[in-house]
Amino acid sequence: MFFIAGSTGFVGRHLVQALDEKGQWGRCLVRTPGKSEQCKKYGFEAVAGDITGRESLRGKLAGSTVVVHLVGIIEEKDNVTFEHVHVTGTKNLIDEAKQAGIKHFFYQSALGASLSSKSRYLKTKAEAEEIVKASGIPYTIFRPSLIVGKGDGFTERMKELIRLGPVVPVPGSGTARFQPIYIGDWIKCFMSIFSNPLPIVHKDTPVYEFGGPEHLTYDELLMQLMEALDVRKPLMHVPLAMLKMSLPFSKLTRSIGGLVGKNIPSVTGEQLELLRIDNICDRAAVKKYFGFSPLSYREALKLFVKER
């Protein structure tokens with residue numbers, strides 16, 4: 001039986017539905033009680049808990065075989081920090097997994113995760129990986145590039161930028177490259193390993209870095225998204241230094257935007273820095289590891305983005 005932490009997030013929602021379609025079931029850890037129905041409608045059990053609260057996990061993994069850890073944040077708010085969620089949360093979940101006799105532990109990390117990274121997001125993802133590796137529990141770690149699909153936060157933020165005005169603001173040069181992979185293809189990758197639910201394929205490495213079949217710049221992602229939305233607007237590049245100077249006033253700017261009917265997406269210095277660096281790997285990784293060819297970004301957009 002699967003125990004899924006992060007079941008109500010973007011990837012988690014799609015995974016629970018896919019597991020149900022395959023006749024598999026499990027238990028969802030739900031931090032917000034109101035979201036329990038998202039799991040229950042697919043026949044999954046929902047239990048209240050939060051990986052950052054060790055006591056809330058007591059006994060919740062009993063009877064499970066595989067832990068699927070999908071919890072992660074891209075923005076820190078108050079005491080909800082990368083350290084608290086990625087590192088402490090993973091340690092708590094691993095400790096409880098040991099107590100419950102879990103047979104396999106799956107962790108969703110991120111492409112670029114590194115202990116030497118200047119990004120706190122990527123550094124804490126790498127620290128969480130080390131906790132998983134040192135646990136003694138057989139494990140699988142996915143390091144995907146950008147995952148896109150219905151409800152993904154990255155696409156929704158880009159759509160908000162596109163709606164803002166006669167031009168589309170682009171943070172920085174727009175030349176950093178990404179390797180978007182469609183959520184349906186991520187699911188295929190997961191299912192190719194966890195179909196029993198215990199892994200049936202043992203590769204040379206339990207850590208998989210992968211993405212879609214293309215390396216696309218941020219500008220190219222925006223242009224293809226506008227094409228899918230049937231929108232034609234010029235791009236306007238805004239220097240990152242200028243955007244960083246405006247960060248202390250971002251809440252005020254969003255409030256003013258709300259008054260005039262504009263939803264201005266929030267941004268942090270951490271997120272701006274990530275737009276400076278490539279987030280890519282071998283374009284043939286999915287074919288190499290999982291035996292199929294993933295969709296291109298343009299093909300994926302046709303499945304989940306509708307014209308305005």
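User: In what order do the seven strands of the open sheet come?
Analyst: The order is 3-2-1-4-5-6-11. The pairing is parallel. Bear in mind that this is a predicted model.

User: Which strands stand at the edges?
Analyst: Strand 3 (45-48) and strand 11 (207-210). Each has a single partner strand, so one side of each is left without a neighbour in the sheet.

User: And what's the average twist from one strand to the next?
Analyst: It averages 20°.

User: How many bridges join strand 1 to strand 2?
Analyst: Four. Strand 1 covers residues 2-5 and strand 2 covers residues 26-30. The two run parallel.

User: Which residue does Phe3 stand opposite in strand 2?
Analyst: Arg27.

User: What does helix 1 touch on the sheet?
Analyst: Helix 1 (residues 10-21) packs against strand 1, strand 2, strand 4 (66-69) and strand 5 (104-108). Its direction makes about 160° with that of strand 1.

User: OK, helix 1 and helix 6. At what angle do their axes cross?
Analyst: Roughly 60°. The axes come within 10 Å. Helix 6 is residues 183-193.

User: Why call them oblique?
Analyst: An angle of 65 to 115 degrees would count as roughly perpendicular, and one under 35 as roughly parallel. The crossing is at roughly 60°. Helix 1 and helix 6 are therefore oblique to each other.

User: Left-handed or right-handed crossing?
Analyst: Right-handed.

User: Which residues make the contact?
Analyst: From helix 1, they are Phe10, Val11, His14, Leu15, Ala18 and Leu19. Helix 6 brings Ile183, Trp186, Ile187, Phe190 and Met191.

User: How many of them are nonpolar, polar or charged?
Analyst: By class, 10 are nonpolar, one is polar and no residue is charged.

User: Zooming out. How many helices and strands does the protein have?
Analyst: It has 12 helices and 13 strands.

User: What share of the residues is buried?
Analyst: Of the 308 residues, 51% are buried.

User: What about contacts between residues 24 or more positions apart? What percentage do they account for?
Analyst: They make up 77% of the contacts with a separation of 6 or more.

User: Next, strand 8. Which of its residues are buried on each side?
Analyst: Val168 and Val170 are buried on one side, Pro169 and Pro171 on the other. Both faces of strand 8 (residues 168-171) are covered.

User: What joins strand 8 to strand 13?
Analyst: Four bridges, with the strands running parallel. Pro171 stands opposite Val238 of strand 13.

User: What does Glu96 touch?
Analyst: Leaving out residues up to four places away in sequence, Glu96 touches Arg54, Leu57, Arg58, Gly59, Lys60 and Leu61.

User: Now the loop between strand 5 and helix 4. Is Ala113 there buried or exposed?
Analyst: Ala113 is buried, at 9% relative accessible area. Helix 4 is 120-133.

User: What does Ala113 touch?
Analyst: Leu122, Lys125, Ala126, Glu129 and Arg143, again without residues up to four places away in sequence. Ala113 and Ala126 are 13 residues apart in sequence, and their C-alpha atoms are 5.0 Å apart.

User: And where is Gly112?
Analyst: In the loop between strand 5 and helix 4. Gly112 is partly exposed, with a relative accessible area of 37%. Apart from neighbours within four places in sequence, Gly112 is in contact with Leu122 and Asn279. Its C-alpha is 9.2 Å from that of Lys125, 13 residues away along the chain.

User: Backbone check. What's phi for Asp78?
Analyst: Positive, about 55°, although Asp78 is not a glycine. Asp78 sits in the loop between strand 4 and helix 3. It is exposed, with a relative accessible area of 79%.

User: And phi for Asp230?
Analyst: Near 60°, a positive value in a residue other than glycine. Asp230 is in the loop between helix 7 (218-229) and strand 13 (235-238). Asp230 is partly exposed, at 40% relative accessible area.

Definitions and conventions. Residues numbered from 1 in each chain as written. Predicted model: local features only at pLDDT ≥ 70, side-chain atom pairs only at ≥ 80, totals over all residues. Heavy atoms only, no water. Pairing = 2+ DSSP bridges. Axes fitted to C-alpha atoms, helices over the stretch in contact; angles between N-to-C directions. Contact = heavy atoms within 4.5 Å. Parallel < 35°, antiparallel > 145°, perpendicular 65-115°, else oblique. Left-handed = near helix turned anticlockwise from the far one by under 90°. Nonpolar A, V, L, I, M, F, W, Y, C, P; charged D, E, K, R; others polar. Buried < 20%, exposed > 50% of the residue type's maximum accessible area, 1.4 Å probe, protein only.
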